[in-house]
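The following exercises are to be worked through with the sequence and the structure at hand. Each task is followed by a solution in steps.

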Amino acid sequence: MMTFPTGFALLFLLGCLLLAAFLTAAAWQRTSRRWRLLRVLAGWAAVAGLWWLVYPPSRLVEQKPGAAILLTPGYRLDSLRALQRRLHMARTPALFSDSRSTALADTPIVHNVAAWLQQHPAPARLHVLGLGLPAEELMDVETSRLQLYAPPAASGFTAAQWEPRRELGQILHVSGRFAAPAGQPATWVVLHAAGTPRDSVRLAPAGTFQLRYVPKAAGAAVYTVQARIGRRVVASEPVPLEVLPTRPLRVLLLTSSPSFEFRFLKNQLAARQHAVAARTGISRQIAQTDFLNQPPHKLSSLTPPVLRRYDVVIVDGSSLTSLPATEQQALRRATQQDGVGLVVLADNAVLPAAVPARAGFGLTPASTGKTEQPLQWPDRVQPLRAVLAARLRPAASTQVLITASRQQVVAASQRFGTGQVVVATATDTYRWLLQGAQSSYDAYWSRLLTAAARPQPATARWQLLTDFPRPHTPVTLRLTTTAALKNTPMITLPDGSSTALPLQQDAALPEWQIGRFWPAQSGWHEAQMPGQPAHRFYVYPPDAWQGPVQLAWQQYVAAHSNWAAAGLAAKKPEDWPLGWFLGLFLLGAGFLWLEEKL
């Protein structure tokens, strides 16, 4: 529409009104009254046509935007052909895929949808077929231009979850869901590690599963979870896991007399590469000291410098009571101020007054006497039974670590200053070693020591924010650190080469640094800051774990299905064609001219 200054519009409007008034007066004052009303109407029509020729009115016109079909991995050719017929498109304008995916011969490849949309403002709408776009890609895409189509129902492994890194000796839990059509035979889901089946569960034929395995060696490994129907493998997916070495602790054992409990514990902790020192009372004035995995030092008196050498102190109740007052005070101060953990083995129904945070632990005589009770905790490897010296009733602020039957608490922890105090009521745990339950014995003591150990100093921590990362799709990493970054982190690729990972500080949380990385190959990658341990993460092959990706896209489509209706109903103003108004002007002016000639 042609635009004029406001002054011109007012002058033009005034001229049109004067012209309309002149034509009306001229038609009305004529001596002949024949066609008087028609002459007036024709004059108004000519003036209106003249005004609209300069300032035409507009109308809302429903838009029919152009369209392109965006193919993603997992699309079906029959769905593509049906959509082309409905949109009257002879060929496909766009394909989102990497070069190894199946592509049509006449279809270009688009690696970045957001950039493609910016470079191609028309067509206005993209019809997305297949398994869809990854969540990281959708963050940069103008979603109002997408027409989403739900993919077919997912089959195979549709969900899976596990901890990507575990300490040596901890249990790996792999849980998930397997989907299969009704009427199929039973499905066996098997976890393979080091080429050997480790755990399995039977589904009939679909449902949820949970598998467990205790890794035997530290390092990065890729396990496999398989679904079998009879002898046929119907699905197989990788389970990458980084097994971290056990954190070496410095442990001090204190006992007033020799016992099998402390003797076996000392040897077992040393076998797990912990630095262990033991002070065992022989008589009133004589004590025996042992040092394993560390050089000997003076241990005749528990002074603050001596206690600061250790992360955890383990002592039974009677031995704690027999300590001199100065050593009790030093132990209390080391827990409260230096963060030294304290594990107290309650060997009777009375908790010594020297126990820090004693109010958080209530002890009563055990109701079961000498009867062994089954123990329960999340990472228990196999059933264990123990005699409980007392019944523990922790306060509300105390964290329960291990329980027995009837929800009886066996071990609990309580914060005291900067350290932790743990009280356990199980006695004679060394019998588990004699019974061959070494893994469960290690798991029991690992739970107590982990809860009590001195906190580790804060370091930079990496976190992978992308589920099931794969090649040629963005992978988001987050670094949490309070220190200023002096160097750019590096990503070590599976082939040994490296690339920089630029980071951007989060506006809301300054200690968060966000980086985005586009891997080109599958396998183990390492993100590393100078002077910090490397963080390993695994990039999956393109065809791995398609079930969870497909299910996530189904949920995304269901949540954003209103986009299509909003886009198709869009309207925008459009000027009427000038030919209509030119015809109106000619019709009115022509009638006035012709009527005078008649």
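**Exercise 1.** In which strand is the place of Gln 420? Determine also whether Gln 420 is buried or exposed, and examine its surroundings in this predicted model.

*Solution.*
Step 1. Gln 420 belongs to strand β25, which comprises residues 419–424.
Step 2. The relative accessible area of Gln 420 is 16%. Buried means under 20%, so Gln 420 is classed as buried.
Step 3. A polar atom of the Gln 420 side chain lies 3.4 Å from the backbone nitrogen of Arg 415.
Step 4. Beyond the neighbours within four places in sequence, the residues in contact with Gln 420 include Thr 335, Val 340, Leu 342, Arg 415 and Ala 451.

**Exercise 2.** Identify the buried residues of helix α3 and state how they are placed around the axis.

*Solution.*
Step 1. Within α3 (residues 77–87), the buried residues are Leu 80, Leu 83 and Gln 84.
Step 2. These residues cover an arc of only 105° around the axis, and therefore lie on the same side of α3.
Step 3. In general, an α-helix has 3.6 residues a turn, so residues three or four places apart point the same way.
Step 4. The buried residues of α3 pack against β2 (67–71) and β4 (125–129).
Step 5. Asp 78, Arg 85 and Arg 86 are exposed on the other side of α3.

**Exercise 3.** In what order do the four strands of the open sheet containing β29 stand?

*Solution.*
Step 1. The order is β30-β29-β33-β34, with antiparallel pairing.
Step 2. β30 (498–500) and β34 (535–539) are the edge strands, each pairing on one side only.
Step 3. From one strand to the next, the twist averages 25°.
Step 4. Three bridges join β29 (residues 490–492) to β30 in the antiparallel sense, and Thr 492 stands opposite Ser 498 in β30.

Key: Residues are numbered from 1 along each chain as its sequence is written. This is a predicted model: local features need pLDDT of at least 70, side-chain atom pairs count only at pLDDT 80 or more; totals for chains, interfaces and linings use all residues. Side-chain values use heavy atoms; hydrogens and water are left out. Helices (H or I, at least four residues) and strands (E, at least two) are DSSP runs, numbered from the N terminus. Buried means under 20% relative accessible area, exposed over 50%, partly exposed in between (1.4 Å probe, protein chains only). A polar contact is a pair of N or O atoms within 3.5 Å; within protein, one must be able to donate a hydrogen and the other to accept it, and residues adjacent in sequence count only if both atoms are side-chain atoms. Contact means heavy atoms within 4.5 Å. Two strands pair if DSSP finds at least two bridges between them. Axes are lines fitted to C-alpha atoms, for helices over the stretch in contact, and angles run from 0 to 180 degrees between N-to-C directions. The arc is that of the directions from the helix axis to the C-beta atoms.
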